[in-house]
Amino acid sequence: MTDSLPDTKVVLNDEEQYSVWPANRENPAGWHDEGFTGTRDECLAHIERVWTDMRPRSLREAMQAGGAG
């Protein structure tokens, strides 16, 4: 609804892992704003849409570089 301010934001760490955090609080160490704010449910729905590969970035990069063999 437009009559209330977003109370939650989506944050992202260097491993490209997502989480939700209160919009009015400083981000925890190692996390930065992803750019989406809304209700907790809206933020969780956004994460579900965009976080399609749950592997940490370092693991994805290692596997692409042939670390699996």
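W51 lies in the loop that joins helix α1 (40–50) to helix α2 (57–64); helices (H or I, at least four residues) and strands (E, at least two) are DSSP runs, numbered from the N terminus. The model is predicted, so local features need pLDDT of at least 70 and side-chain atom pairs count only at pLDDT 80 or more, while totals for chains, interfaces and linings use all residues. Residues are numbered from 1 along each chain as its sequence is written, and side-chain values use heavy atoms, with hydrogens and water left out.

W51 has a relative accessible area of 18% and is therefore buried (under 20%; exposed is over 50%, partly exposed in between; 1.4 Å probe, protein chains only). Not counting residues up to four places away in sequence, W51 touches E16, Q17 and Y18, where contact means heavy atoms within 4.5 Å. W51 and E16 are 35 residues apart along the chain, and their C-alpha atoms are separated by 8.7 Å.

E16 belongs to the turn of a hairpin formed by β1 and β2, with four residues between the strands, and has a positive phi of about 60 degrees. Strands β1 (residues 8–13) and β2 (residues 18–22) pair in the antiparallel sense over five bridges; pairing requires at least two bridges found by DSSP. T8 has P22 in β2 as its bridge partner.

The largest nonpolar core has seven residues: V10, L12, Y18, V20, C43, I47 and W51. Such a core is a set of buried Ala, Val, Leu, Ile, Met, Phe, Trp, Tyr and Cys residues joined through side-chain atoms within 4.5 Å. At least two residues of this core come from each of β1, β2 and α1.
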